[in-house]
Amino acid sequence: MQTTFRIDGLTGSARPVKPWMKAAPAIATIGIIAAFALHGRIAQPAHYNDFADHSALLGIPHAGDVLSNAGFALVAIWGWLALRPHRNSDQLRAGWPGYRLFLIGLLLTAFGSACFHLAPGNGRLTWDMLPIALAGAGLLVGVRGDTHPGSRANLEAIALALFATASVAWWVYTDRHGAGDLRPYLLLQVLPLVLIPLWQAIHRAPRTERIAFAAAMGLYVLAKIAEVLDHPIADTLGFVSGHTLKHLIATAATAAIVWGVTRRFAGGGRRTAGTRTISE
């Protein structure tokens, strides 16, 4: 009888991967897609563009919501400078196409979101949504590449980037016909929250990375809560709105992801993983 164990070069774990666990990501993906399909159209809230931030600084309207996007650019630049030199290393090669797309999407988010918040409206919202969709797609491809070294990450990055673009185009098309539908776009925000922890658990990702990504997922959920409570937070705190806080918390989430990946190269350490088969 053959039993396969996953060997993690950093944690030294050697535990059996149960067959049903391998099917969990596919089952979860199908379940989420089915749930979206059964739910029906998900429209943008009627007053979505009515943000609580009315601050101004140096002639910049909605300054809190606009300037709080700078953090995304800083994290993207940090990630690019820290990771790109290692793109051909054993530790990063498989996931780099995805992380590259994630960082590009993150940088574009800083500019697209800032542009949108200067004059909020559906006409500019596309430039906010598209980079976020690309970043989500890139993150999926990056972690999948890490946990599935035999995957074709370059092709997957192209395919998911096209899907991200199509998801935003679908919203634009349906919105112009009075029935805006966010489901494909939201799918790229929900899937990372479910699939990344599953992939990392099944394929025994290093503990540091699992903690970093878990922190990022938690911060992302907190950011979405702040977004929903935009006006109540502004009314309570006075000096900052919920949407501005959303940007700051989401920036911390992306920083946690970049930090987790860069830890592979801390102190010249190597991140390796493989399988070993033994006979019982």
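## Where H9 meets H10

The axes of helix H9 (residues 230-237) and helix H10 come within 7 Å and cross at roughly 105°. Here axes are lines fitted to C-alpha atoms, for helices over the stretch in contact, with angles running from 0 to 180 degrees between N-to-C directions. H9 and H10 therefore count as roughly perpendicular to each other, a label given to angles of 65 to 115 degrees. From H9, Asp 230, Ile 233, Ala 234 and Leu 237 meet Gly 242, His 243 and Leu 245 of H10; contact means heavy atoms within 4.5 Å. Sorted by class, this contact has four nonpolar, two polar and one charged residues.

## About the model

This is a predicted model, in which local features need pLDDT of at least 70 and side-chain atom pairs count only at pLDDT 80 or more, while totals for chains, interfaces and linings use all residues. Residues are numbered from 1 along each chain as its sequence is written, and side-chain values use heavy atoms, leaving out hydrogens and water. Helices (H or I, at least four residues) and strands (E, at least two) are DSSP runs, numbered from the N terminus.

## The nonpolar core

Let's turn to the core. A nonpolar core is a set of buried Ala, Val, Leu, Ile, Met, Phe, Trp, Tyr and Cys residues joined through side-chain atoms within 4.5 Å, where buried means under 20% relative accessible area (1.4 Å probe, protein chains only). The largest one holds 56 residues, and Tyr 99, Phe 102, Leu 139 and Phe 213 touch the most other members. Elements giving two or more residues include H1 (19-39), H4 (96-118), H5 (122-147) and H10 (242-262). H5 gives the most, with ten residues.

Leaving out residues up to four places away in sequence, Leu 139 touches Gly 98, Tyr 99, Phe 102, Ile 196, Phe 213, Met 217 and Ile 257.

## His 117 and its surroundings

His 117 is found in helix H4 and is buried, at a relative accessible area of 1%. Beyond its neighbours within four places in sequence, His 117 is in contact with Phe 51, Pro 61, His 62, Asp 65, Val 66, Asn 69, His 243 and His 247.

## Aromatic pairs

Rings of Phe, Tyr and Trp (its six-membered ring) pair if their centres lie within 6.5 Å, and the count comes to four aromatic pairs. The rings of Phe 51 and Phe 116 have centres 5.8 Å apart and planes at 85°, so this pair is edge-to-face, the term for planes over 60 degrees apart. The pair links distant parts of the chain, 65 residues apart: Phe 51 sits in the loop between H1 and strand E3 (56-57), and Phe 116 in helix H4.

Phe 51 is buried at 6% relative accessibility, and Phe 116 is buried at 0%.

Definitions and conventions. Buried means under 20% relative accessible area, exposed over 50%, partly exposed in between (1.4 Å probe, protein chains only). Angles under 35 degrees count as roughly parallel, over 145 as roughly antiparallel, 65 to 115 as roughly perpendicular and the rest as oblique. Ala, Val, Leu, Ile, Met, Phe, Trp, Tyr, Cys and Pro count as nonpolar, Asp, Glu, Lys and Arg as charged, and the others, Gly among them, as polar. Rings of Phe, Tyr and Trp (its six-membered ring) pair if their centres lie within 6.5 Å; planes under 30 degrees apart count as stacked, over 60 as edge-to-face and the rest as tilted.
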